[in-house]
Structure formats: structure tokens, C-alpha cells
Amino acid sequence: MENKKEGLTVPPVTKPLLKALSGQKTIETPLWLMRQAGRYLPEYRETRAKAGNFLSLCYTPGLATEVTLQPINRYQMDAAILFSDILVIPDALGQNVSFREGEGPCLPPLEGPQSLDTLNPDRVRSHLDPVFRTVSNLASQLPQDTTLIGFCGAPWTVATYMIEGKSSKDFSRTKAWAYSKPKDFARLITLLEDASVDYLCGQIEAGAEVLQIFDSWAGVLPEKEFYRWALEPVQRIVSAVKDRHPHIPIIGFPRGAGLLYERFVRESGCHAVSLDTTVPLEWAARTLQPHMTVQGNLDPVALLAGGEYLDQAIDAILHSLGHGPFVFNLGHGILPATPPENVSRLVERVRSFAPGRVS
């Protein structure tokens with residue numbers, strides 16, 4: 001029997017994550033973690049050293065495949081998320097992204113509307129071909145019940161890096177451009193929407209079964225601007241991807257959106273929503289979960305801390321959200337100093353959960 005959810009018709013599914021994303025309650029809670037492949041794993045650090053630099057790791061299919069599979073081999077997660085970065089899009093457009101140790105991403109900042117003319121959308125597919133080859137490798141190597149997740153950054157978040165040239169505390173340059181020259185800023189957002197659709201569809205064609213759109217800085221926008229620069233671009237991306245690949249579930253992650261999560265859930269067109277750490281569990285269960293699958297939202301610091309506090313935090317999430325369509329995850333990515341044994345403890349505890357019982 002086919003499952004229909006909000007206009008989406010999908011073939012019968014057996015993988016735990018796909019079941020949850022189709023709106024089904026699952027016997028066991030599906031589990032994966034943002035940044036589950038990363039510096040907290042010694043095997044990742046060894047592979048990373050072979051690559052020379054972070055982007056080389058992203059663009060070398062053999063190594064990117066290896067690090068994507070590492071947490072699957074170690075923890076048997078229900079999903080593998082492609083090892084890449086949201087900033088491969090500006091890099092593909094010609095903005096020359098680099099990553100400096102201790103500083104994070106660095107880009108030559110866009111200086112105004114005229115700098116948009118230096119970006120070339122025609123080179124996106126060819127530049128990102130190594131990423132598509134990684135997806136293809138993973139699709140052929142993952143265990144049968146493991147779902148492959150592709151992703152991109154949302155246009156607002158990617159635009160902040162392109163304009164600020166790095167991460168920011170106040171996003172003043174990006175906001176000033178959006179507020180004072182909205183037509184020019186809309187041109188950048190449209191360019192990023194088109195590139196993101198092309199990128200996501202390329203991942204699907206290579207074997208991705210689920211997509212996540214990361215809007216890491218959605219929460220810095222006031223309400224009106226949130227609708228214009230965060231929600232509406234995601235709506236358009238989701239609609240365009242659905243037109244080409246209607247069977248692929250899409251998870252939205254408007255980090256920091258607060259009460260605006262509710263409108264995102266109702267209007268984004270996504271099939272699931274990932275909750276950041278600040279979202280109240282009972283509010284999410286009452287307000288969001290009746291409309292779509294929810295994912296989240298353990299504090300990464302709880303995972304870092306471990307011990308009894310970690311157990312209690314896991315239990316609270318499972319008891320609040322584990323009785324409906326739900327995917328266990330973090331409220332953001334794993335921190336590099338996290339002990340790998342704490343992740344093992346998390347996996348064991350989530351696996352032991354059944355509705356009404358945590359052993």
C-alpha cells in the first residue's frame with residue numbers, strides 16, 4: 001500500500017528513517033546525529049590528515065565516502081549524511097572558500113550588488129561532480145536498512161557567509177544589505193535558490209533518499225524578514241525539488257526560529273522539521289508534531305557531558321516526542337571534544353526505548 005502524506009505519494013518503505021518521515025510511528029525510534037562524521041572520532045582525524053585540507057576532503061570521493069561511513073560502521077546509525085559542507089555552493093559559484101584552523105570558513109566577502117556579476121551558476125554542476133560521485137559511492141556501499149541523506153544550506157544562511165566573509169556575531173553587513181537594497185539582495189537569494197535546487201537534484205540522481213536544508217542562522221531574523229529571506233526561499237526550493245522528485249522527503253532546519261517554527265511547519269512544504277535545542281518539548285509535541293514528523297533535539301553539550309544528565313535528557317525527549325512520528329537527533333552538530341563512548345551510550349539508550357518504557 002502506498003503512503004500519502006500532505007500530497008506526497010511514496011512507494012512502500014521499509015527503512016526506519018523513511019517510515020518515520022512518511023508519518024508512520026515506528027517500533028524503534030530512528031536515530032542519526034548531525035555531524036556524526038567529524039573530529040570527535042579518531043578514525044576521522046586520521047582520514048582528515050590524508051586530505052590536506054577540509055575542502056579537499058569534501059571533494060575527494062574516496063575519502064569523503066570513508067568518513068561518511070565511519071559512524072555507520074561504529075554505531076549502526078539509521079542514516080548516513082553525506083560528508084560535505086554547506087559552503088560548497090559559493091565555492092562552486094566561484095567565491096573561493098577556504099577553511100583556516102581555529103577560524104572556520106573564510107571567503108572574500110561580496111562587496112555589493114556589482115560583485116554578484118562575478119558569480120557563475122553555470123559551473124555548479126561540474127564543480128560539484130566529486131560530491132555527486134561520493135553520493136553514488138555511498139548509495140552502493142551502505143547497509144540495506146540505512147538511509148542516505150543529502151543536504152544543502154538554506155539561501156539566507158549561505159548568503160551570510162558570502163557577504164560577511166566568515167561567521168558573524170551580528171550579521172550586520174548581510175542585514176544592512178537585505179534591508180537597504182532588498183531587490184539586489186533578492187537577486188543573490190534567487191541565485192542561491194537555483195544553485196541549491198540543482199545541487200539537491202544532483203544528489204538525488206546520484207542516490208540520496210532524503211534531503212535536509214540547514215538554515216543555521218534563520219533565528220537572527222526579525223519576523224517579517226524571516227518570512228521573506230528564510231521561509232519563502234525554502235518554500236521555493238522544496239517546491240522545485242518536489243516537481244522533479246516528488247517521492248523524496250525533505251527535512252527543514254530553521255535553527256533558532258522559536259515561535260516561528262509553527263509557521264515554518266505549516267508553510268514550508270517540508271515533510272519533517274528538525275528542532276534546535278531551545279524548542280520546548282511539550283510545545284513541539286502539541287503544536288508541531290500533529291502536522292509533520294519532528295526531529296531532534298538533544299543539546300550537543302549534554303552528549304559531551306555524558307553520564308546521568310545525558311540519560312535524563314534522552315529520556316525526556318523520547319517520552320515527549322517518541323510516541324508520534326519522530327527521529328532522534330541533536331539540536332545542532334556533535335561537538336569535537338565529545339567522547340565517542342558517550343555516543344555509544346546515547347545509541348544504546350535510544351535503541352532501548354519503547355513507548356511508555358525506557359530501560
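Predicted model: local features only at pLDDT ≥ 70, side-chain atom pairs only at ≥ 80, totals over all residues.

**The sheet**

I began with strand E9 (residues 272–274), which runs parallel to E10 and is joined to it by 3 bridges.

Residues are numbered from 1 along each chain as its sequence is written, and side-chain values use heavy atoms, with hydrogens and water left out.

Back at E10, I found that Thr-293 is the bridge partner of Ala-272. All of strand E10 (residues 293–298) is inside: 6 of the 6 residues are buried, so the strand is largely enclosed by the rest of the structure. Buried here means under 20% relative accessible area, exposed means over 50%, and partly exposed lies in between (1.4 Å probe, protein chains only).

I then traced the open sheet, where 7 strands follow the order E3-E6-E7-E8-E9-E10-E11 with parallel pairing. Its edges are strand E3 (79–81) and strand E11 (326–330), each pairing on one side only. Within the sheet, strand E6 (residues 147–153) and strand E7 (residues 210–215) share 5 bridges in the parallel sense, and Gly-153 has Phe-214 in E7 as its bridge partner.

Which residues does a cis peptide bond join? The two are Gly-296 and Asn-297, with omega about -25°, and Asn-297 is in strand E10.

I also noted two positive phi values outside glycine. Asn-96 has a phi of about 55°, sits in the loop between helix H5 (88–93) and E4, and is exposed at 55% relative accessible area. Phe-171 has phi near 55° too, but this residue, in the loop between H8 and helix H9 (172–180), is buried at 3% relative accessibility.

**Annotated residues and the pocket**

I checked UniProt next; its positions follow the numbering used here, feature names are shortened, and annotations may be inferred rather than shown by experiment. The unreviewed entry's "binding site" annotation covers Arg-35, Gln-36, Ala-37, Gly-38, Arg-39, Asp-85, Tyr-161, Ser-216 and His-332. They span 298 residues in sequence and the farthest two C-alpha atoms are 23.0 Å apart, so they do not all gather at one spot. The lining of the largest pocket includes Arg-35, Asp-85 and His-332 among them.

For the record, a pocket is an open set of points on a 1 Å grid over the protein atoms alone, where a 1.4 Å probe fits and protein lies on both sides within 12 Å along at least five of seven lines; lining residues have an atom within 4 Å of a point. Of the 37 lining residues, the closest to the centre are Arg-35, Arg-39, Phe-54, Asp-85 and Phe-99.

I compared two annotated residues. Is Arg-39 buried or exposed? Arg-39 is exposed at 52%, in the loop between helix H1 (16–21) and helix H2 (42–51). Tyr-161 belongs to helix H8 (residues 155–164) and is buried at 11%. Beyond four places in sequence, the contacts of Tyr-161 (heavy atoms within 4.5 Å) include Ile-86, Pro-105 and Trp-217.

Key. Helix = DSSP H or I, 4+ residues; strand = E, 2+ residues; numbered from the N terminus. Pairing = 2+ DSSP bridges.
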